[in-house]
Amino acid sequence: MRPTPPPIRAFVWGKAMRESRLVVAGGLALGLLAVIAILAPWIAPYDPLAVSLPEALLPPSPAHWVGTDPLGRDVLARLMYGARISLVIGVIAVGVAVVIGTMVGLVAGYVGGRVDSVLMRVVDTMLAFPSIFLLLAVIAMLSPNIYNIMVVIGLTSWMGVARLVRAEVLSLKEREFILAARAIGASTWRIMWRHVLPNVTAPVLVAATLGVGGAILTESVLSYLGLGVQPPTPSWGNILNEGRVALGVAWWLTLSPGVCILVTVLAFNLLGEGLRERFLK
Amino acid sequence: MALLSVEHLSVSYRHRDTLVRAVDDVSFVIEAGEVLALVGESGSGKSSVALALARLLPPRAVISGRAALKETSLLDASEETLRAIRGGTIAYVFQDPATSLNPVMTIGAQLLEAIVWHTPAGHEEARRLAVWWLRQVGIPMPELRLRAYPHQLSGGMQQRVCLAMALAARPSLLVADEPTTALDVTIQVQILRLLRDLQRRLNLSVLLISHDLTVVERIAHRVGVMSGGRLAESGAVDQVLHRPAHAATQALLRARSAMSFKT
Amino acid sequence: MAAYLIRRLLSMIPVLIGITIISFGVMKLAPGKPTDVMLDFNPKASVEARERMEQLLGLNQPIHIQYLTWLRRVATLNFDRSFRDGRPVTEIVVERLPITLTINVCALVLILGLAIPLGVIAAVRPGGLFDRATTVLVFIGYSTPAFWLGLLGIAWLGVALGWVPVSGLHSLDAESMSLVGRALDAAHHLVLPVGIMTFVGLAGLSRYARSSMVEVLRQDYIRTARAKGLPERLVLFRHGLRNALLPIVTILGLSLPDLIAGSVVMETVFAIPGMGRLFYDAVMARDQHIVMALVTIGAVLTLLGNLLADAAYAAADPRIRVGKSHA
């Protein structure tokens, strides 16, 4: 007999298995990257800051696996140190966003009423700005350094988490165990801390994982535009910026940092998507 | 010869790597002009039987057995035959009229679609037919309603539209899958009365799927009781409902008396 | 429908006020005063001159007065003058805006034209080969830095192969070209940036189109359409797609800030003299009036985009367009 042709519902054979593969692949890539970042001072073949003009713009070779930059610095060493910067900025920026977003979402959802509508208007307002406008303007005003970058990326990306947490709190609020806790006289903050927060952990974790990828992309754009990590400290974005002068000549300078960004962001996205499938469906 | 004959029908659903059986070796017939009700608890497989007839089940469903409407074999029909059968000879009315009608299309467009695809009627003719059918199902000012969108009608009116849409191509079998379940109690009575009147007037054959014995008692001639995917018992309505032989039937009857006791 | 739109419009007022407060606040973050920038290069500027300047700019007034003064001017689209060349900001923006709008409209049309078919085809067989292939593409699109693609494009297609020009909007000899020739020349310059913006924007929207279509295809009315015996093509396009497009309209409005953000990066990489490049140059030069103007305009454009999307949604969805009362 023929199978019924019109597919009404998604049915994916062995879906669960495929999803766990995503998590594993993303996780492995990130694990490897973290190891490289942590061990960079010991495993990097050269000092990432050591300038050697005679060796400028050497193509990849056994001595310099990924070649050298216009100042003769080893690109591989700079990429390894760049991984530290990207990961740290990504994680801390998202940490800032998660803390702000969770607080705003919890308060808006739980307190409700006028507080909720004011907070949500603030969220709407922040969402109206193309985030790169705010980022560039604020960082330019404050002067670019790693701390400002982390905080400002965090300050411009908490709105999604806030909406997520708020929605979650609103639906939890009506559930029986929260009503029961309130009925026995638990205080508002206690209920939030003990009952609501644990329940929003999974969706926030997923949003955070995806967010780290986004933050790393943002950092690379800022650094490329010269308003991120400042030279000589290496970051993937500013290596690309410095490679611009040799564009079309030193292809390794343009190719390698981009691949690093792509792989890292992809790994975070895969991991986040895998976690979403596992915990939220 | 029976209008519809179903023999050894089984339906299973692929779930992960296993098959879960929903309908297990069910056989029955429906004569022309007859109303057969399939009753049973939710999950007893009665809706799967209804949807299997025109192969409207999701692709993860595996169907086996035989079903024939007059001479046309249904379960192995080609895609093209199937399209002619769906809406043409077997028409469906579903449970929830609010979600069964397309929210962005007018009542008229949805009705005309059913007519145009299964009759030789041109546009003008189809429009006249649509108005006529809306009148048949008791919708006032049908010309005006053609231009209305589903959300502008009440639940009862929406279900009447669904009925008109199902009957518009003069099918020989109407499959009504819990047609009153989603409606208010007073509306349920109206729709049921309408269904019975139309059935008598048009000498329709109906496969009625329901969990409500009161509904069944009102319009069915014969009844089959389904339990755990199997047809536990079948026969004339009077006989089955008054002298239930199977535990599943007795349970349904008990549930009904408990319900009526409460109200 | 009018009532719906008026309600939406009213709900934008607090957001509009919020936008002006944040735009203004960002400028006040800067250590020092704009007069520093203006007078630093002029060693002869005396203390008195500085004070006179501050008085002129209203910088010695309390912050909320400064805000209200600024707001009153902004309300009449007067964003003051650029610090660098002294021209009115509005004049400069009006000059640059059409370029950015053209690029974004082109990219948007391409994104829509590709993303919706991609999403719909993937949704028809979720988990099928096409679905999985586009999923991979979407993940890569999500994870690729657009400016890097731009650099690769310049290096490979531009410098190495010489297929496309690598910067600017016009060739050097554009002056001598006919009108059509100039248009073609500009289009040639835009192939790479618009192509890259399309690829990057495609990811999100095609995913969205897919999930919207998957959701619609499980609705009861799709089963009704099939039960009517309609051919699959009509079930998918007449009954499915029309419903699936509704939420896409909304997401279009919401993705406007991303597009504008993309312009900043793309116009900088490709040296296209649009609003994005103007913004970048102004930020680097700390030209506050321009930065302030563009931050405000960017946000207001987003709001307008949202409003347009809402209006389009209301016009497309009969549940909003025609109220319940009629009939």
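Between chain A and chain C there are 0 salt bridges. A salt bridge here is a side-chain nitrogen of Lys or Arg within 4 Å of a carboxyl oxygen of Asp or Glu. This is a predicted model, in which local features need pLDDT of at least 70, side-chain atom pairs count only at pLDDT 80 or more, and totals for chains, interfaces and linings use all residues. Residues are numbered from 1 along each chain as its sequence is written, chains are lettered from A and ligands numbered from 1 in the order in which they are written, and side-chain values use heavy atoms, with hydrogens and water left out.

Stay with chains A and C. In this pair, 47 residues of chain A are in contact with 53 residues of chain C. Contact means heavy atoms within 4.5 Å. Together the two chains bury about 4,400 Å², and 80% of that is on carbon and sulfur atoms. Buried area is the accessible area (1.4 Å probe) that two parts lose on being put together, summed over both. Polar contacts do occur here: 5 residue pairs are counted, both residues at pLDDT 80 or more. A polar contact is a pair of N or O atoms within 3.5 Å; within protein, one must be able to donate a hydrogen and the other to accept it, and residues adjacent in sequence count only if both atoms are side-chain atoms.

Which elements of chain A give two or more residues to the side that touches chain C? They are α3 (113-128), α4 (131-142), α8 (188-224) and α10 (251-280) of chain A. Helices (H or I, at least four residues) and strands (E, at least two) are DSSP runs, numbered from the N terminus. The biggest giver is α10(A), with 11 residues. By class, this side of chain A has 35 nonpolar, 6 polar and 6 charged residues. Ala, Val, Leu, Ile, Met, Phe, Trp, Tyr, Cys and Pro count as nonpolar, Asp, Glu, Lys and Arg as charged, and the others, Gly among them, as polar.

Now turn to chains B and C. Here 27 residues of chain B are in contact with 24 residues of chain C. The buried area is about 2,500 Å², with 59% from carbon and sulfur atoms. On the chain B side, B:Val104, B:His151 and B:Gln152 lose the most area to chain C, together 24% of what that side buries. How many salt bridges are there between chain B and chain C? The count is 2. C:Arg238 forms a salt bridge with B:Glu113, and their closest N and O atoms are 2.6 Å apart. On chain B, β6 (90-93), α3 (97-100) and α4 (107-118) each supply at least two residues of the side that touches chain C. Of the elements, α4(B) gives the most, with 5 residues. The residues of this side of chain B divide into 14 nonpolar, 8 polar and 5 charged.

Next, look inside chain C. C:Arg286, C:Leu294 and C:Tyr313 supply 27% of the area that domain 1 buries against domain 2, more than any other three residues. The domain interface has 0 salt bridges. Polar contacts join 6 residue pairs there, both residues at pLDDT 80 or more.

Finish with the strands of chain B. In chain B, 4 strands form an open sheet in the order β2-β1-β4-β5, with antiparallel pairing. The edge strands are β2 and β5 (72-73), and each pairs on one side only. Two strands pair if DSSP finds at least two bridges between them. Strand β1 (residues 4-15) and strand β2 (residues 18-30) of chain B pair in the antiparallel sense over 9 bridges. B:Ser5 stands opposite B:Val29 in β2(B), and B:Val6 stands opposite B:Phe28 in β2(B). The hairpin of β1(B) and β2(B) has 2 residues between the strands, and B:Arg16 takes a positive phi near 50 degrees there.
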